[in-house]
Amino acid sequence: MDIKRAIIDLAPASIVRLFAGPYVAGKGLESGVRKADEIWQAGKLQSTVDLLGEEVFKREDVEATVALYFRMVDALAGRTYTSMSLKPTQLGIHESEAYCLENIRKVVGYAASRQLHVTVDMEDRHFTDVTLRLFKALRDQFDNVGTVLQSRLFRTKDDILALHARRCKVRICIGIYKEPREVAYVDKPAMKERLFEYVQLLLDKGHYPEIATHDEPLIRRVIDDLDKRGCPKDAYEFQMLLGVPRHQIQEEIVRDGRVMRLYVPFAEEWEYAIAYCKRRMAANPMMGAYVMKNLFRS
Ligand SMILES: Cc1cc2nc3c(=O)[nH]c(=O)nc-3n(C[C@H](O)[C@H](O)[C@H](O)COP(=O)(O)OP(=O)(O)OC[C@H]3O[C@@H](n4cnc5c(N)ncnc54)[C@H](O)[C@@H]3O)c2cc1C
(Lines give C-alpha, C1' and ligand atoms only; values in the text may rest on other atoms or scores of the structure.)
Protein backbone atom coordinates (compact mmCIF):
# COMPACT_ATOMS: atom_id res chain seq x y z
CA MET A 1 0.00 0.00 0.00
CA ASP A 2 1.43 3.42 -0.79
CA ILE A 3 2.13 5.83 2.00
CA LYS A 4 -0.44 8.42 0.91
CA ARG A 5 -3.20 5.78 0.93
CA ALA A 6 -2.06 4.54 4.36
CA ILE A 7 -2.27 8.07 5.82
CA ILE A 8 -5.73 8.63 4.33
CA ASP A 9 -6.89 5.27 5.70
CA LEU A 10 -5.81 6.36 9.16
CA ALA A 11 -7.82 9.61 9.02
CA PRO A 12 -10.58 9.49 11.65
CA ALA A 13 -14.08 8.96 10.25
CA SER A 14 -15.25 12.20 11.89
CA ILE A 15 -12.69 14.22 9.91
CA VAL A 16 -13.52 12.48 6.63
CA ARG A 17 -17.22 13.00 7.39
CA LEU A 18 -16.57 16.71 7.84
CA PHE A 19 -14.87 16.76 4.45
CA ALA A 20 -17.65 14.67 2.90
CA GLY A 21 -20.48 16.73 4.40
CA PRO A 22 -21.11 19.30 1.67
CA TYR A 23 -20.76 16.74 -1.13
CA VAL A 24 -23.17 14.08 0.09
CA ALA A 25 -26.97 14.52 0.21
CA GLY A 26 -27.17 12.34 3.33
CA LYS A 27 -28.03 8.84 4.44
CA GLY A 28 -30.64 6.84 2.58
CA LEU A 29 -32.35 7.14 -0.79
CA GLU A 30 -34.86 9.60 0.65
CA SER A 31 -32.07 12.10 1.34
CA GLY A 32 -30.96 11.94 -2.31
CA VAL A 33 -34.53 12.48 -3.54
CA ARG A 34 -35.10 15.31 -1.04
CA LYS A 35 -31.93 17.07 -2.17
CA ALA A 36 -32.91 16.68 -5.83
CA ASP A 37 -36.30 18.30 -5.04
CA GLU A 38 -34.68 21.06 -2.97
CA ILE A 39 -32.18 22.19 -5.60
CA TRP A 40 -34.83 22.05 -8.32
CA GLN A 41 -37.30 24.12 -6.31
CA ALA A 42 -34.67 26.59 -5.14
CA GLY A 43 -32.88 27.25 -8.42
CA LYS A 44 -34.14 24.99 -11.22
CA LEU A 45 -30.99 22.89 -10.93
CA GLN A 46 -31.44 19.40 -12.34
CA SER A 47 -29.70 16.42 -10.77
CA THR A 48 -28.21 13.02 -11.36
CA VAL A 49 -28.64 10.99 -8.19
CA ASP A 50 -25.88 8.55 -7.30
CA LEU A 51 -25.61 5.75 -4.77
CA LEU A 52 -22.24 5.80 -3.00
CA GLY A 53 -20.60 2.47 -2.35
CA GLU A 54 -18.74 1.17 -5.37
CA GLU A 55 -16.64 -1.98 -5.35
CA VAL A 56 -19.27 -4.56 -4.47
CA PHE A 57 -17.82 -8.08 -4.54
CA LYS A 58 -20.33 -10.53 -3.09
CA ARG A 59 -23.21 -11.72 -5.28
CA GLU A 60 -25.78 -11.14 -2.52
CA ASP A 61 -24.55 -7.54 -2.14
CA VAL A 62 -24.73 -6.98 -5.90
CA GLU A 63 -28.30 -8.25 -5.87
CA ALA A 64 -29.19 -5.96 -2.98
CA THR A 65 -27.69 -3.07 -4.99
CA VAL A 66 -29.80 -3.95 -8.03
CA ALA A 67 -32.89 -3.96 -5.78
CA LEU A 68 -31.93 -0.56 -4.41
CA TYR A 69 -31.58 0.81 -7.96
CA PHE A 70 -35.09 -0.40 -8.69
CA ARG A 71 -36.31 1.54 -5.65
CA MET A 72 -34.34 4.52 -6.90
CA VAL A 73 -36.08 4.35 -10.28
CA ASP A 74 -39.46 4.24 -8.52
CA ALA A 75 -38.52 7.20 -6.34
CA LEU A 76 -37.20 9.36 -9.18
CA ALA A 77 -39.74 8.46 -11.87
CA GLY A 78 -41.96 11.41 -12.74
CA ARG A 79 -39.35 13.90 -11.52
CA THR A 80 -38.36 15.14 -14.96
CA TYR A 81 -35.46 17.12 -13.50
CA THR A 82 -33.63 13.99 -12.29
CA SER A 83 -31.60 11.14 -13.73
CA MET A 84 -29.38 8.58 -12.05
CA SER A 85 -25.75 7.49 -12.24
CA LEU A 86 -24.33 4.02 -11.54
CA LYS A 87 -21.01 2.20 -11.66
CA PRO A 88 -20.09 -1.23 -13.06
CA THR A 89 -18.04 -2.01 -9.93
CA GLN A 90 -21.28 -1.83 -7.92
CA LEU A 91 -23.14 -4.15 -10.24
CA GLY A 92 -21.15 -7.33 -10.71
CA ILE A 93 -18.13 -6.47 -12.86
CA HIS A 94 -15.90 -8.24 -10.36
CA GLU A 95 -17.74 -11.47 -11.12
CA SER A 96 -17.96 -11.17 -14.91
CA GLU A 97 -18.80 -8.77 -17.72
CA ALA A 98 -21.84 -10.85 -18.70
CA TYR A 99 -23.23 -10.80 -15.16
CA CYS A 100 -22.65 -7.05 -14.88
CA LEU A 101 -24.36 -6.43 -18.21
CA GLU A 102 -27.33 -8.51 -17.11
CA ASN A 103 -27.64 -6.44 -13.92
CA ILE A 104 -27.23 -3.02 -15.54
CA ARG A 105 -29.60 -4.08 -18.33
CA LYS A 106 -32.29 -4.84 -15.73
CA VAL A 107 -31.85 -1.43 -14.12
CA VAL A 108 -31.68 0.53 -17.39
CA GLY A 109 -34.64 -1.42 -18.79
CA TYR A 110 -36.72 -0.66 -15.73
CA ALA A 111 -35.64 3.00 -15.85
CA ALA A 112 -36.62 3.12 -19.55
CA SER A 113 -40.12 1.96 -18.64
CA ARG A 114 -40.31 4.94 -16.24
CA GLN A 115 -38.68 7.47 -18.65
CA LEU A 116 -35.61 7.96 -16.47
CA HIS A 117 -32.13 8.53 -17.90
CA VAL A 118 -29.18 6.49 -16.55
CA THR A 119 -25.47 7.39 -16.82
CA VAL A 120 -22.87 4.66 -16.57
CA ASP A 121 -20.06 6.47 -14.73
CA MET A 122 -16.43 5.99 -15.71
CA GLU A 123 -13.94 4.61 -13.22
CA ASP A 124 -10.17 4.33 -13.59
CA ARG A 125 -8.41 3.27 -16.81
CA HIS A 126 -8.65 -0.42 -15.99
CA PHE A 127 -12.41 -0.15 -16.51
CA THR A 128 -12.50 2.05 -19.61
CA ASP A 129 -12.77 -0.72 -22.21
CA VAL A 130 -15.28 -2.78 -20.31
CA THR A 131 -17.42 0.25 -19.44
CA LEU A 132 -17.57 1.30 -23.09
CA ARG A 133 -18.46 -2.26 -24.17
CA LEU A 134 -21.24 -2.36 -21.58
CA PHE A 135 -22.46 1.06 -22.65
CA LYS A 136 -22.58 0.17 -26.34
CA ALA A 137 -24.47 -3.07 -25.64
CA LEU A 138 -26.98 -1.09 -23.56
CA ARG A 139 -27.25 1.69 -26.14
CA ASP A 140 -28.07 -0.94 -28.81
CA GLN A 141 -31.22 -1.62 -26.84
CA PHE A 142 -32.12 1.54 -24.94
CA ASP A 143 -32.32 5.30 -25.59
CA ASN A 144 -32.15 6.30 -21.93
CA VAL A 145 -28.50 5.48 -21.30
CA GLY A 146 -25.34 7.57 -21.47
CA THR A 147 -21.76 7.30 -20.28
CA VAL A 148 -18.67 9.31 -19.37
CA LEU A 149 -15.36 10.03 -21.07
CA GLN A 150 -12.27 11.52 -19.43
CA SER A 151 -10.31 14.15 -21.35
CA ARG A 152 -7.07 13.34 -19.52
CA LEU A 153 -6.79 9.96 -21.31
CA PHE A 154 -4.95 9.94 -24.64
CA ARG A 155 -7.45 7.41 -25.98
CA THR A 156 -10.52 9.62 -25.57
CA LYS A 157 -10.55 11.14 -29.05
CA ASP A 158 -10.61 7.61 -30.52
CA ASP A 159 -13.29 6.62 -28.03
CA ILE A 160 -15.45 9.53 -29.21
CA LEU A 161 -14.94 8.53 -32.83
CA ALA A 162 -15.88 4.94 -31.96
CA LEU A 163 -19.04 5.81 -30.01
CA HIS A 164 -22.35 4.24 -30.91
CA ALA A 165 -23.73 5.49 -34.22
CA ARG A 166 -26.91 6.58 -32.47
CA ARG A 167 -26.96 9.83 -30.53
CA CYS A 168 -25.36 9.42 -27.10
CA LYS A 169 -25.43 11.55 -24.00
CA VAL A 170 -21.79 11.72 -22.94
CA ARG A 171 -20.53 13.36 -19.79
CA ILE A 172 -17.17 14.83 -20.69
CA CYS A 173 -14.91 15.59 -17.71
CA ILE A 174 -11.19 15.65 -17.02
CA GLY A 175 -11.45 12.46 -14.89
CA ILE A 176 -10.96 12.15 -11.16
CA TYR A 177 -8.42 9.30 -11.21
CA LYS A 178 -4.72 10.04 -11.38
CA GLU A 179 -3.39 8.10 -14.35
CA PRO A 180 0.21 7.42 -15.44
CA ARG A 181 1.87 9.66 -18.04
CA GLU A 182 2.10 6.73 -20.48
CA VAL A 183 -1.67 6.89 -21.00
CA ALA A 184 -2.79 10.32 -19.86
CA TYR A 185 -2.01 14.00 -19.70
CA VAL A 186 -0.61 14.89 -16.32
CA ASP A 187 -0.97 18.67 -16.60
CA LYS A 188 -4.36 20.24 -16.06
CA PRO A 189 -4.20 22.87 -18.83
CA ALA A 190 -3.79 20.08 -21.40
CA MET A 191 -6.72 18.12 -19.90
CA LYS A 192 -8.89 21.25 -20.02
CA GLU A 193 -7.86 22.09 -23.58
CA ARG A 194 -8.85 18.57 -24.68
CA LEU A 195 -12.15 18.92 -22.78
CA PHE A 196 -12.88 22.10 -24.72
CA GLU A 197 -12.10 20.36 -28.03
CA TYR A 198 -14.09 17.23 -27.22
CA VAL A 199 -17.27 19.22 -26.53
CA GLN A 200 -17.18 20.36 -30.15
CA LEU A 201 -16.18 16.93 -31.46
CA LEU A 202 -19.08 15.30 -29.61
CA LEU A 203 -21.48 17.85 -31.07
CA ASP A 204 -20.01 17.42 -34.57
CA LYS A 205 -20.60 13.67 -34.28
CA GLY A 206 -24.23 14.23 -33.31
CA HIS A 207 -23.93 13.53 -29.58
CA TYR A 208 -25.14 15.44 -26.53
CA PRO A 209 -22.20 16.56 -24.38
CA GLU A 210 -22.69 16.92 -20.64
CA ILE A 211 -19.90 19.30 -19.76
CA ALA A 212 -18.78 18.42 -16.23
CA THR A 213 -16.37 20.98 -14.81
CA HIS A 214 -16.22 23.64 -12.09
CA ASP A 215 -13.66 25.69 -13.96
CA GLU A 216 -15.50 28.98 -14.57
CA PRO A 217 -13.19 30.42 -17.26
CA LEU A 218 -13.46 27.13 -19.14
CA ILE A 219 -17.27 27.12 -18.84
CA ARG A 220 -17.42 30.72 -20.13
CA ARG A 221 -15.12 29.85 -23.02
CA VAL A 222 -17.29 26.85 -23.95
CA ILE A 223 -20.49 28.95 -23.78
CA ASP A 224 -18.95 31.70 -25.85
CA ASP A 225 -17.78 29.24 -28.49
CA LEU A 226 -21.11 27.36 -28.63
CA ASP A 227 -23.08 30.62 -28.89
CA LYS A 228 -20.82 31.91 -31.67
CA ARG A 229 -21.42 28.69 -33.58
CA GLY A 230 -25.17 29.06 -33.09
CA CYS A 231 -25.43 25.78 -31.21
CA PRO A 232 -28.97 25.34 -29.75
CA LYS A 233 -29.05 25.62 -25.97
CA ASP A 234 -30.79 22.27 -25.62
CA ALA A 235 -28.02 20.40 -27.48
CA TYR A 236 -25.80 20.12 -24.38
CA GLU A 237 -25.76 20.70 -20.63
CA PHE A 238 -23.42 21.62 -17.80
CA GLN A 239 -22.81 19.46 -14.75
CA MET A 240 -21.16 20.05 -11.38
CA LEU A 241 -20.80 18.20 -8.09
CA LEU A 242 -23.17 18.98 -5.23
CA GLY A 243 -21.36 21.08 -2.64
CA VAL A 244 -18.84 22.85 -4.86
CA PRO A 245 -19.83 26.50 -4.48
CA ARG A 246 -20.51 27.84 -7.96
CA HIS A 247 -23.88 29.50 -7.24
CA GLN A 248 -23.42 32.55 -9.41
CA ILE A 249 -22.43 30.76 -12.59
CA GLN A 250 -25.06 28.06 -12.00
CA GLU A 251 -27.72 30.78 -11.75
CA GLU A 252 -26.40 32.42 -14.91
CA ILE A 253 -26.50 29.14 -16.83
CA VAL A 254 -30.12 28.52 -15.79
CA ARG A 255 -31.15 32.14 -16.41
CA ASP A 256 -29.73 31.91 -19.94
CA GLY A 257 -31.98 28.93 -20.66
CA ARG A 258 -29.33 26.20 -20.46
CA VAL A 259 -29.46 23.01 -18.41
CA MET A 260 -27.40 22.89 -15.22
CA ARG A 261 -27.30 19.51 -13.46
CA LEU A 262 -25.72 18.59 -10.12
CA TYR A 263 -24.33 15.18 -9.18
CA VAL A 264 -26.17 14.29 -5.96
CA PRO A 265 -24.62 11.33 -4.14
CA PHE A 266 -26.27 9.68 -1.14
CA ALA A 267 -25.07 6.78 0.99
CA GLU A 268 -27.00 3.89 2.46
CA GLU A 269 -24.60 4.01 5.41
CA TRP A 270 -22.17 6.76 6.35
CA GLU A 271 -19.36 4.21 6.37
CA TYR A 272 -19.84 3.90 2.57
CA ALA A 273 -19.66 7.66 2.15
CA ILE A 274 -16.53 7.75 4.27
CA ALA A 275 -14.93 4.88 2.33
CA TYR A 276 -15.85 6.60 -0.95
CA CYS A 277 -14.33 9.88 0.16
CA LYS A 278 -11.17 8.14 1.33
CA ARG A 279 -10.83 6.47 -2.07
CA ARG A 280 -11.46 9.76 -3.81
CA MET A 281 -8.91 11.49 -1.60
CA ALA A 282 -6.36 8.77 -2.38
CA ALA A 283 -7.13 9.01 -6.11
CA ASN A 284 -6.95 12.78 -5.99
CA PRO A 285 -5.27 14.28 -2.91
CA MET A 286 -6.29 17.74 -4.15
CA MET A 287 -9.80 17.03 -2.87
CA GLY A 288 -8.87 18.00 0.69
CA ALA A 289 -7.30 21.21 -0.60
CA TYR A 290 -10.42 21.93 -2.67
CA VAL A 291 -12.64 21.61 0.38
CA MET A 292 -10.51 24.05 2.36
CA LYS A 293 -10.38 26.47 -0.58
CA ASN A 294 -14.13 26.24 -1.10
CA LEU A 295 -14.85 26.82 2.59
CA PHE A 296 -13.34 30.25 2.19
CA ARG A 297 -15.14 31.09 -1.05
CA SER A 298 -18.52 32.82 -1.11
C1 LIG B 1 -21.23 15.85 -12.53
C2 LIG B 1 -19.85 15.26 -12.49
C3 LIG B 1 -19.69 13.91 -12.71
C4 LIG B 1 -18.42 13.36 -12.73
N5 LIG B 1 -18.27 12.03 -13.06
C6 LIG B 1 -17.04 11.52 -13.17
C7 LIG B 1 -16.83 10.19 -13.63
O8 LIG B 1 -17.78 9.45 -13.93
N9 LIG B 1 -15.56 9.73 -13.69
C10 LIG B 1 -14.48 10.51 -13.38
O11 LIG B 1 -13.34 10.04 -13.49
N12 LIG B 1 -14.64 11.77 -12.93
C13 LIG B 1 -15.88 12.28 -12.84
N14 LIG B 1 -16.03 13.58 -12.41
C15 LIG B 1 -14.89 14.32 -11.84
C16 LIG B 1 -14.20 15.20 -12.85
O17 LIG B 1 -13.59 14.37 -13.79
C18 LIG B 1 -13.15 16.09 -12.21
O19 LIG B 1 -12.23 15.35 -11.50
C20 LIG B 1 -13.68 17.16 -11.30
O21 LIG B 1 -14.86 17.69 -11.81
C22 LIG B 1 -12.65 18.28 -11.15
O23 LIG B 1 -12.30 18.81 -12.40
P24 LIG B 1 -12.64 20.30 -12.88
O25 LIG B 1 -12.84 20.26 -14.36
O26 LIG B 1 -13.77 20.82 -12.07
O27 LIG B 1 -11.32 21.12 -12.69
P28 LIG B 1 -10.39 21.36 -11.45
O29 LIG B 1 -9.29 22.25 -11.94
O30 LIG B 1 -9.97 20.08 -10.81
O31 LIG B 1 -11.31 22.14 -10.46
C32 LIG B 1 -11.61 23.49 -10.61
C33 LIG B 1 -12.04 23.98 -9.24
O34 LIG B 1 -13.28 23.36 -8.87
C35 LIG B 1 -13.29 22.98 -7.50
N36 LIG B 1 -13.39 21.51 -7.39
C37 LIG B 1 -13.19 20.63 -8.37
N38 LIG B 1 -13.41 19.35 -7.95
C39 LIG B 1 -13.75 19.44 -6.66
C40 LIG B 1 -14.08 18.48 -5.67
N41 LIG B 1 -14.12 17.17 -5.89
N42 LIG B 1 -14.37 18.94 -4.44
C43 LIG B 1 -14.34 20.27 -4.17
N44 LIG B 1 -14.05 21.22 -5.07
C45 LIG B 1 -13.74 20.81 -6.29
C46 LIG B 1 -12.01 23.54 -6.91
O47 LIG B 1 -12.26 24.86 -6.42
C48 LIG B 1 -11.08 23.61 -8.11
O49 LIG B 1 -10.07 24.57 -7.96
C50 LIG B 1 -17.30 14.17 -12.44
C51 LIG B 1 -17.47 15.53 -12.18
C52 LIG B 1 -18.72 16.09 -12.22
C53 LIG B 1 -18.86 17.56 -11.99
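This is a predicted model: local features need pLDDT of at least 70, side-chain atom pairs count only at pLDDT 80 or more; totals for chains, interfaces and linings use all residues.

Trainee: Which residues in helix 4 are buried?

Mentor: General idea: an α-helix has 3.6 residues a turn, so residues three or four places apart point the same way. Helices (H or I, at least four residues) and strands (E, at least two) are DSSP runs, numbered from the N terminus. A residue counts as buried with 20 or more other C-beta atoms within 10 Å of its own, exposed with 12 or fewer, and partly exposed in between, the C-beta atoms being placed from the backbone. Here, Val62, Thr65, Val66, Tyr69, Met72, Val73 and Leu76 are the buried ones in helix 4. Looking down the axis, they sit within an arc of 115 degrees (taken from the directions from the helix axis to the C-beta atoms), so they line one face of the helix.

Trainee: What does the face turned away carry?

Mentor: Exposed residues: Glu60, Ala64, Ala67 and Arg71.

Trainee: And Thr213, is it buried or exposed?

Mentor: Thr213 is buried, with 21 other C-beta atoms within 10 Å. You'll find Thr213 in the loop between strand 6 (208-212) and helix 9 (216-228). Contact means C-beta atoms, placed from the backbone, within 7 Å. Leaving aside neighbours within four places in sequence, Thr213 contacts Cys173, Leu195, Leu218 and Ile219.

Technical notes. Residues are numbered from 1 along each chain as its sequence is written. Two residues are in contact if their C-beta atoms, placed from the backbone, lie within 7 Å.
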